[in-house]
Structures are given as structure tokens and as C-alpha cells.
Amino acid sequence: MALKGGARIGLSFEAVFPHGCVFVPDSIAEAQDFDEKTRVRTPAKDKITGLRVWQCRVMDMDPELGARSREVAVKILSPVQPVPPVGPFQPVEFEGLTVTPYVGSNGRLAYSYRATALVAPKTLAESRGKAA
């Protein structure tokens with residue numbers, strides 16, 4: 001079986017971030033497309049859904065990463081800017097997570113992550129619901 005270029009593979013949040021992730025403060029920004037001909041930047045729209053694209057950064061909490069980079073960029077497809085958690089380095093989860101593998105400019109395998117929502121961790125939300 002071959003995947004066509006740009007194929008998105010659906011994954012659970014736990015499969016990508018088994019130890020969770022934390023939101024990097026002030027990291028949500030509207031993604032921009034660049035037109036080579038006009039040399040103008042415009043707000044990015046997802047080619048499949050037509051939704052606006054926002055990008056945020058999170059830190060993967062996997063202890064096996066050691067000294068390697070923990071920062072991961074995730075694109076969020078939403079008509080409005082997602083609301084980040086209050087406070088620095090708060091845990092978050094993503095809904096509707098997909099990954100698109102591609103070969104980076106350095107010739108190595110890389111991944112592009114997309115999600116449909118940025119949400120509070122389910123375990124935290126569930127524990128708050130039980131305490132009420």
C-alpha cells in the first residue's frame with residue numbers, strides 16, 4: 001500500500017504524546033502562506049477543510065527524550081483562534097490529531113501534526129468533575 005503525498009494519518013493523542021505535553025506560552029499564531037509570484041503573505045487555509053490554520057508549540061514530556069529537543073509544532077484547524085490555557089507551561093491535549101510524514105530539507109523523515117482542537121487534559125477535566 002502506498003500513501004499519496006500529503007496523506008494525513010489519524011492518531012490518538014496518547015499515541016503521539018504518551019507522557020503528555022505542555023503548552024509553550026505565547027505560542028499560538030495564525031499560520032501564513034507565502035505566494036512566490038506576488039511575494040505576499042496571507043492567512044493560511046487548510047487545503048482539505050478550508051478552515052484557518054493556527055500554529056502552536058508544545059513540549060513533549062517523554063522522559064526518554066533526554067537532552068534532545070522536546071518542542072513540537074502542532075497546527076490547529078479552526079475558524080477562530082484557539083484559546084490557550086492560563087498560566088505558563090500548562091498541560092494540554094489535542095483532539096482530531098493527524099500526522100503527515102514527509103522528507104525534510106535535510107533529507108530526514110519529519111512529521112507535520114494537525115489537530116481540530118486544543119483542550120484541557122481529559123484526566124484533569126475528569127478529576128475536576130469528580131471533585132465537584
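**Exercise 1. Starting from cysteine 21, trace the strand pairing around E6 in this predicted model.**

Step 1. Cysteine 21 lies opposite aspartate 60, a residue of E6. The strands E2 and E6 are antiparallel and share three bridges.

Step 2. E6 also pairs with strand E3 (residues 29-30), again in the antiparallel sense, over two bridges. Here alanine 29 has glutamine 55 of E6 as its bridge partner.

Step 3. Between E6 and E7 there are seven bridges, and these two strands run antiparallel. Within E7, alanine 73 is the residue opposite arginine 57.

**Exercise 2. Identify the residues of the largest nonpolar core that touch the most other members, and examine the contacts of phenylalanine 94.**

Step 1. The core holds 19 residues, and those touching the most other members are Phe17, Cys21, Cys56, Val58, Val74, Phe94 and Leu118.

Step 2. Two or more core residues come from each of helix H1 (13-16), strand E2 (21-23), strand E6 (53-60), strand E7 (71-77), strand E8 (91-95) and E10.

Step 3. With neighbours within four places in sequence set aside, phenylalanine 94 contacts Phe13, Phe17, Cys21, Cys56, Val58, Val74, Ile76, Ala115, Ala117 and Leu118.

**Exercise 3. Describe the largest pocket by its volume and its lining.**

Step 1. The volume of the largest pocket is about 330 Å³. Its lining comprises 16 residues, of which Arg8, Asp46, Lys47, Lys75 and Arg114 are the closest to the centre.

Step 2. Sorted by class, the lining contains seven charged, five nonpolar and four polar residues.

Step 3. At least two lining residues are supplied by each of strand E4 (32-35), strand E9 (98-103) and strand E10 (109-115).

Note on methods:
Residues are numbered from 1 along each chain as its sequence is written. This is a predicted model: local features need pLDDT of at least 70, side-chain atom pairs count only at pLDDT 80 or more; totals for chains, interfaces and linings use all residues. Side-chain values use heavy atoms; hydrogens and water are left out. On a 1 Å grid over the protein atoms alone, a cavity is a set of points where a 1.4 Å probe fits but cannot get out, and a pocket is an open set with protein on both sides within 12 Å along at least five of seven lines; lining residues have an atom within 4 Å of a point. Grid points are joined across faces, edges and corners, and a volume is the space filled by probe spheres set on the points. Helices (H or I, at least four residues) and strands (E, at least two) are DSSP runs, numbered from the N terminus. Ala, Val, Leu, Ile, Met, Phe, Trp, Tyr, Cys and Pro count as nonpolar, Asp, Glu, Lys and Arg as charged, and the others, Gly among them, as polar. A nonpolar core is a set of buried Ala, Val, Leu, Ile, Met, Phe, Trp, Tyr and Cys residues joined through side-chain atoms within 4.5 Å. Buried means under 20% relative accessible area, exposed over 50%, partly exposed in between (1.4 Å probe, protein chains only). Contact means heavy atoms within 4.5 Å. Two strands pair if DSSP finds at least two bridges between them.
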